[in-house]
Amino acid sequence: FLEYRGLDSALRTALDSGALGSPSISDITPVKKDHSFFTLIKIAALGLIALGLLYLLPQETALEMEEKQDAGVAVFMRGLDAEFEGSTYLEGDTVPPGKLKLSKGFIELEFYSGASLVMEGPAELEIVSKNGGVLHRGKLRAQVPEHAHGFTITSKDVQLVDLGTSFGMAVGSEKGTQVQVFDGKVEIFSPNALPKLGEGTELSAGQGRFLKSNFKSETIDVD
């Protein structure tokens, strides 16, 4: 510390006496810049810009990634004395498109569209999509909320399009399909038709039909 103070005092004396003289521009040696420091600054700035652009790009959410991996269209909610032919399901299992064969008992499914149904065995339901399926045999009752309008159940005799309601369908050994509307409205079409809402036969709460393969129907009581 004393050496630095002595050096400072000597420099001040020399400057006051003019011994060091006045430096000219030619006497000043340019200080070399440390370009490596500025290069690092540029790299860091570019990295931040790149991260910002990645953030602005559409990001795939965890839910979207899960939906891509999930081939199901419904969830198995619960069963009562249920026995299956083939695949067996537990509560919370996802159910993919395909035939679901119930030997006995009852099961409840909730489709991704929001519609739910209870099926009684023996029954066979071919699940087509989150918006419905084909009942080959057995009985079911469906509950369809407003946001799931258009949920469709088809049999060999009829195509039923729900308009936000509760309905039942039974396909038995007899040559025909029973349809009952408990609440709201449905439209029914022939099984091979391309359904257009407003052009089908409308059934309201308390109405029922027994439909045959030629789409001829007769009125039945609602249980």
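The model is predicted. The chain has 223 residues, of which 30% count as buried, and it contains 3 helices and 13 strands. Among contacts between residues at least 6 apart in sequence, 39% join residues at least 24 apart.

**Nonpolar core**

- The largest nonpolar core is made of 35 residues. Leu100, Leu109, Leu117, Met119 and Leu140 have the most contacts inside it.
- At least two residues of this core come from each of the strands β1 (74-85), β3 (98-111), β4 (116-129), β5 (132-143), β8 (166-171), β9 (177-183) and β10 (185-189).
- Met119 is in contact with Leu100, Leu102, Gly105, Phe106, Ile107, Leu125, Leu135, Lys139 and Leu140, leaving aside neighbours within four places in sequence.
- In soluble globular proteins, nonpolar side chains tend to be buried together.

**Strand pairing**

- β1 and β3 run antiparallel and pair over 9 bridges. Within this pairing, Gly79 stands opposite Ile107 in β3.
- β3 also pairs with β4, again in the antiparallel sense, over 10 bridges. Here Gly98 has Ile127 of β4 as its bridge partner.
- The hairpin of β3 and β4 has 4 residues between the strands, and Gly114 in this hairpin takes a positive phi near 115°.

- Ser166 lies in strand β8. It counts as buried because its relative accessibility is 3%, below the 20% cut-off.
- Beyond residues up to four places away in sequence, Ser166 touches Arg141, Ala142, Gln143, Val181, Phe182 and Asp183.
- Ser166 and Ala142 are 24 residues apart along the chain, yet their C-alpha atoms are separated by 5.6 Å.

**Surface**

- The accessible surface of the chain comes to about 14900 Å², and carbon and sulfur atoms account for 56% of it.
- A nonpolar patch on the surface is formed by Leu80, Phe106 and Val118, which together have about 250 Å² of accessible area. Of these residues, Leu80 has its place in strand β1.

**Salt bridges**

- The structure holds 6 salt bridges.
- Arg78 and Glu108 meet through their side chains in a salt bridge at 2.2 Å, N to O. This pair links distant parts of the chain, with Arg78 in strand β1 and Glu108 in strand β3, 30 residues apart. Arg78 is partly exposed at 43% relative accessible area, whereas Glu108 is buried at 19%.
- Asp157 and Lys156 form a salt bridge at 3.2 Å, N to O. Asp157 is buried, with a relative accessible area of 1%, while Lys156 is partly exposed at 49%.
- Lys185 and Glu202 form a salt bridge at 3.8 Å, N to O. This pair also links distant parts of the chain, from Lys185 in strand β10 to Glu202 in strand β11 (residues 201-204), 17 residues apart. Lys185 is partly exposed, with a relative accessible area of 40%, and Glu202 is partly exposed with a value of 40%.
- Glu85, Lys99, Glu124 and Arg137 are linked in a network of salt bridges.

Technical notes. Residues are numbered from 1 along each chain as its sequence is written. This is a predicted model: local features need pLDDT of at least 70, side-chain atom pairs count only at pLDDT 80 or more; totals for chains, interfaces and linings use all residues. Side-chain values use heavy atoms; hydrogens and water are left out. A nonpolar core is a set of buried Ala, Val, Leu, Ile, Met, Phe, Trp, Tyr and Cys residues joined through side-chain atoms within 4.5 Å. Buried means under 20% relative accessible area, exposed over 50%, partly exposed in between (1.4 Å probe, protein chains only). Contact means heavy atoms within 4.5 Å. Accessible areas come from the Shrake-Rupley method with a 1.4 Å probe; for residues, only the protein chains shown count as cover. Patches are made of residues with over 30% relative accessible area and no salt bridge: like charges are joined within 9 Å, nonpolar side chains (Val, Leu, Ile, Met, Phe, Trp, Tyr) within 5 Å. A salt bridge is a side-chain nitrogen of Lys or Arg within 4 Å of a carboxyl oxygen of Asp or Glu. Two strands pair if DSSP finds at least two bridges between them.
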